[in-house]
Amino acid sequence: MNAFKREKKEEEDGGGNPFENLEKTTVLQEARTFNDTPVNPRKCAHILTKILYLLNQGEQLGTMEATEAFFAMTKLFQSRDVVLRRLVYLGIKELSSLAEDVIIVTSSLTKDMTGKEDLYRAAAIRALCTITDGGMLVAIERYMKQAIVDRSPAVSSAALVSSLHLTNVSGDVARRWANEAQEALNSNNVMVQYHALGVLYQARKTDKHAVIKLVAKLMRTSPKSPYAACMLIRMACKLLDEVDEREELLSFIEVCLRHKSEMVVYEAAHALVNLGRNGREITPAISVLQLFCGSQKLVLRFAAVRTLNKVAMTHPASVTTCNLDLENLITDSNRSIATLAITTLLKTGAESSVDR
Amino acid sequence: MDGQLLEPTLYTVKGMAILDNDGNRILAKYYDKNVFPTSKEQKTFEKNLFNKTHRANAEIIMLDGLTCVYRSNVDLFFYVMGSSHENELILMSVLNCLYDSVSQILRKNVEKRAVLDSLDIVMLAMDEICDGGIILDADPSSVVQRVALRTDDIPLGEQTVAQVLQSAKEQLKWSLLK
């Protein structure tokens, strides 16, 4: 009966899930096909997808099983099929923490990383850095520095992000590669700029003066990337309590309230109200949040009312100006927004608003 | 109010998930070892998240100390999770990128069957969007460009006769080999 039900459901789904009821042992046996020459890219890609799917579903592999699958997978480097190669990189990353002797693929990955194909290079860098340990780091350092300043944004981002992950392996990686990151910071690509800023901050965060210099320089040019701008606002906030140039930092955050990206505007408003300033100083931020309360975008309304709710605890008087907007949100289709609006009003509302 | 200011870091995304209309996981990644370390905890969270979100199309929810933004289509649910102090708009930009990339990969046919048919490419896309919790790329067209599509995925009209014959031949071969 149950089987019948399932079949019926599968029919409705249009054929059922081809990945359902996969058996770990069967799939691992299928992985022996990887040893065949020549490699059949389609078939192997399908089997590899099954392995990745099982891992993603939370299936546990023993060290032996993982190592065996990993070594079988290394045979697939013979194939030039793009999708298969990319799946192998994914497999390396997934199995790197489970299998033994994973550094066996170092030379294959280094070759791909320095090759011509951009699609390989970026992904190969990321895979390589997941299997890199302290000893290997020196060997790939030169390539990594080159990759950070590569003209391809994908390659540059991959190298920058990987160097942040490598901080776990060696604490001073970011500092050693800071010159290259500094160069990448001038990139026109929004993500590269963002990632470069992340690495630079990591490199300098223990040196207050270096952070001040970095922030001061960036405040003048104002980063093009909205993500980098958000990061810069957070860096500025962190500095505020420690330095004398408070006014400059504050006015920078205030300028960000007029940024063209809503993401940055919200970040700035959120920062200003959370800095615990006095009521007068947070007024511009409150007006921005008030504007967001009437937005068509649900997430923007949510973000605004959530922040106002927090401010209301410390500065109820500043939020009173938003009472009308908050009252409109009580009937919002999103229940979280409605609830947040009501609790905020409870702190700010006066008797006069009870009737409405 | 202390502690609500975020530490400047690139580690923004705590997790991403694609669930089906029964709340079962199709694909999911968790990037923070402190958030749901075991797959059992992850799945409990996913069930919980699904139960709270599958009826109301509310886009955003706070659950278990995480801010989750989500979007659904036909029989799929897309989620992006971040810390409860995270800028919601940043998380939303990641979610939109995830959804739009998958949509482009599946040629606007965003449903479970299609995702499973192109599971390998969707996995690659997720990997291109977020690397270990850092947003790697948030522009769907660039993500799709980065996950190389197979040549036989080109719509029929744009293929040459030889290509069509080749793929037909391959398909026939495969059906026979099964």
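## Where the chains meet

A salt bridge here is a side-chain nitrogen of Lys or Arg within 4 Å of a carboxyl oxygen of Asp or Glu. A:Arg126 forms one with B:Glu128, and their closest N and O atoms are 3.1 Å apart. Across the interface of chain B and chain A, the rule finds nine salt bridges. The rule also finds 24 residue pairs in polar contact there, both residues being at pLDDT 80 or more. A polar contact is a pair of N or O atoms within 3.5 Å; within protein, one must be able to donate a hydrogen and the other to accept it, and residues adjacent in sequence count only if both atoms are side-chain atoms. Helix H4 (residues 119-129) of chain B gives the largest share of the side of chain B that touches chain A, with seven residues. That side divides into 27 nonpolar, 10 polar and 19 charged residues. In this count Ala, Val, Leu, Ile, Met, Phe, Trp, Tyr, Cys and Pro are nonpolar, Asp, Glu, Lys and Arg are charged, and the others, Gly among them, are polar.

In terms of contact (heavy atoms within 4.5 Å), 56 residues of chain B meet 65 residues of chain A. About 5500 Å² is buried between the two chains, with 59% of that area from carbon and sulfur atoms. Buried area is the accessible area (1.4 Å probe) that two parts lose on being put together, summed over both.

## About the model

This is a predicted model, in which local features need pLDDT of at least 70 and side-chain atom pairs count only at pLDDT 80 or more, while totals for chains, interfaces and linings use all residues. Residues are numbered from 1 along each chain as its sequence is written, chains are lettered from A and ligands numbered from 1 in the order in which they are written, and side-chain values use heavy atoms, with hydrogens and water left out.

## Chain B and its loop

Chain B has six helices and seven strands. Helices (H or I, at least four residues) and strands (E, at least two) are DSSP runs, numbered from the N terminus. Along the sequence their pattern is β-β-α-β-β-β-α-α-α-β-β-α-α. Of the 178 residues of chain B, 56% count as buried. Buried means under 20% relative accessible area, exposed over 50%, and partly exposed in between (1.4 Å probe, protein chains only).

Which backbone angle stands out at B:Arg107? Phi is positive there, about 55 degrees, although B:Arg107 is not a glycine. B:Lys108, also not a glycine, has a positive phi of about 65 degrees. Most residues other than glycine have a negative phi, and most peptide bonds are trans. B:Arg107 lies in the loop between helix H2 (88-105) and helix H3 (112-117) of chain B, and B:Lys108 is placed in the loop between H2 and H3 as well. B:Arg107 is partly exposed at 44% relative accessible area, whereas B:Lys108 is exposed at 72%.

## Spots to visit in chain A

A cis peptide bond joins A:Thr37 and A:Pro38, with omega about -10 degrees. A:Pro38 sits in the loop between helix H2 (24-30) and helix H3 (41-56) of chain A.

In helix H18 (residues 298-314) of chain A you will find A:Thr307. A:Thr307 counts as buried because its relative accessibility is 1%. The side chains of A:Thr307 and A:Tyr266 are joined by a polar contact of 3.0 Å.
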